[in-house]
Amino acid sequence: MTFRNLAHGVAAIALLAATACSDNAEKAADGQEASASATDTDQAAGGATAEDQVQLGTLLKEAVSALDETQAAISAIDAGNNKGAIDALARATGKLEIILTREPNLALAPVANSVIEHDVLATPGDVKALSDRIEDLTDEGRLQEARRLMEGLASEMVIRTSNLPLGTYPDAIKRAAALLDEQKPQEAKLVLLNALSTIVVTETVIPLPIVRAEASVEAARVVAAKENRTEQDNQAIAAELQKAREQIEMAQALGYATKKDLDDLQDAIKELERETGGGNAATRLFERIKGLFGKAREAVQPTKN
């Protein structure tokens, strides 16, 4: 288990919430089917088990405690309490050793998370018209007007995580403690402040149209797998897949992922419509489309330097 499952877990929550809002999911899934759907979704979003989540919570708590002890050490130095500062750094070192013992290959330990959601109430046609207007303003050199219009062109959840860099942070704590032993509190404080400035902020972007499309496809899969499907079931499948296509169109209009990734998704959904419309469960096709959604989610992530 690694800390990246935290982001996957939020993605799973978003997907399950969207699935729960689906009309068809409410009508068609009995208790057993809903349980299977939740399990499949969790595995697709990262496969974090309950044990993983417990361990994640424990390590997150230790990382936050290490950060708090660092700040406590700085406050103690400012108060002229070198012994208090040394004690705080000793506790911080112990917290970091717990993390590294349990996850020796972990490079970043998250200490804070925030989730920011943006959404746009518009049709793909509205977005395209606004995009054309932005392009015209840019061509005319009216960049600030274009920037203000562009700010609203987002439908996404952004998970922002602050991380302690475990490759350097523990060593900085030890250096500061050594300086305090040498009666050099201000030098120790500078080392600690520099260590705090190295906290790494990472972002995971979850495009909501793609999440909603995936939720609709999952709802369609649940119904398509039923034996002795009724005409009402077939209509429900068709409605869910139509919703999925509309959401992919919105993702395309907003420029999420690459054109090829989204075109491949659209083609796969159309193929699902043909297959399920003929009464087939289309199990293999539903499995293949999971991979296409995964590629689309990966393509939208911020480029790492």
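Start by selecting strand β2, residues 156–165. Eight of its ten residues are buried, so β2 is largely enclosed by the rest of the structure. Buried here means under 20% relative accessible area. Keep in mind throughout that this is a predicted model.

**The sheet around β2**

β1 covers 108–118 and β3 covers 200–207. Together the three strands form an open sheet, in the order β1-β2-β3, with antiparallel pairing. β1 and β3 stand at the edges; each has a single partner strand, so one side of each lacks a neighbour in the sheet. Look along the sheet for its twist, which averages 20° from one strand to the next.

Strands of a sheet pair through backbone hydrogen bonds, either parallel or antiparallel.

- **β1 with β2.** These strands run antiparallel and are joined by ten bridges. Select His-118 and find Glu-156 of β2 opposite.
- **β2 with β3.** This pair is also antiparallel, over eight bridges. Select Thr-161; its bridge partner in β3 is Thr-202. Then select Ser-162, which stands opposite Val-201 in β3.

**Helix α11**

Next, select residues 231–254, helix α11. How far apart are its end C-alpha atoms? They are 35 Å apart. At 1.5 Å a residue, the 24 residues should span 34 Å, which agrees.

An α-helix has 3.6 residues a turn, so residues three or four places apart point the same way.

Which residue follows α11? Step on to Gly-255. The phi of Gly-255 is positive, near 80°.

**The whole chain**

Finally, zoom out and show everything. The chain holds 13 helices and three strands. Of its 305 residues, 40% count as buried.

Take the contacts between residues at least 6 apart in sequence. Among these, 80% join residues at least 24 apart.

Note on methods
Residues numbered from 1 in each chain as written. Predicted model: local features only at pLDDT ≥ 70, side-chain atom pairs only at ≥ 80, totals over all residues. Heavy atoms only, no water. Helix = DSSP H or I, 4+ residues; strand = E, 2+ residues; numbered from the N terminus. Expected span 1.5 Å × (residues − 1). Pairing = 2+ DSSP bridges. Axes fitted to C-alpha atoms, helices over the stretch in contact; angles between N-to-C directions. Buried < 20%, exposed > 50% of the residue type's maximum accessible area, 1.4 Å probe, protein only. Contact = heavy atoms within 4.5 Å.
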